[in-house]
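Please look at the sequence and the model below, and keep both at hand while you read this short report.

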Amino acid sequence: MSDDKPQPLPLLDDEALDRLDDFLESDGVDADALDLIGAHGFLVALAVSPSDVPPATWVAELFHGEPSFADDTEREEVLGLLEQLRTTAISVLEGGGLPELPFDLELGGVPPEETPIGDWCAGFMEGVFLDEPAWFAEDEEAAATLLLPFMLLSGLFGDEPDMAELAKDGDRLESLTAQLPELVLDLYLHYRVPPETPKPKPRRKQPAGKRRR
């Protein structure tokens, strides 16, 4: 049987990712700011988010304040690349595509929180926390189910007994990791693509000779 699953699409090219990585690791950025992997997850969450978070809000959260840009040109370049990542994610997901994530989709027996997978999911959850009520407003149970893989892989909820128990299942964690791009698309479809309203079917016309009397 052929595997016709669509190939994930990059949200930025390697050169742009390297540029962001260099800036996020520079002395001009707060030590608590998100790194490239966390920022990638954060911006993908904003692409999925049921509410539109103002740029000033998410930029301040991503950087944990205001970074020190060398000049206006650098500011426009860095913020432009971050916005490009977010809008490309929207475009890919809107077209039913899968986002390419900047790491291998396997844990290899290592706890998620010790891998880029955990960092990315933690960044994704930071994006959720920006407007958490909006994510759970419509259908809390469905939202909790759809977000569970990201919560579990993030390592942020290890103190919760139920999550700690789920985290013991290595096979489950590996399976969720492999499915991350599809899980992102599932979330986007849930929050951003309204279900189609079935069109009313026209009433069938009865042949003249078979009309009820």
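## Burial and overall make-up

A residue is called buried at under 20% relative accessible area, exposed at over 50%, and partly exposed in between, using a 1.4 Å probe and protein chains only. By this rule, buried residues make up 38% of the 213 residues in the protein.

The model is predicted, and local features need pLDDT of at least 70, side-chain atom pairs count only at pLDDT 80 or more, and totals for chains, interfaces and linings use all residues. Residues are numbered from 1 along each chain as its sequence is written, and side-chain values use heavy atoms, with hydrogens and water left out.

The secondary structure comes to 10 helices and zero strands, where helices (H or I, at least four residues) and strands (E, at least two) are DSSP runs numbered from the N terminus.

## Salt bridges

The structure holds six salt bridges, each being a side-chain nitrogen of Lys or Arg within 4 Å of a carboxyl oxygen of Asp or Glu. In one of them, the side chains of Glu74 and Arg19 meet at 3.1 Å, N to O, and this pair links Glu74 in helix H4 (residues 72-94) with Arg19 in helix H1, 55 residues apart.

Arg19 also forms a salt bridge with Glu77, again at 3.1 Å, N to O; because Arg19 lies in helix H1 and Glu77 in helix H4, the pair ties together parts that are 58 residues apart in sequence. Glu74 is buried, with a relative accessible area of 16%, whereas Arg19, at 23%, counts as partly exposed, as does Glu77, at 35%.
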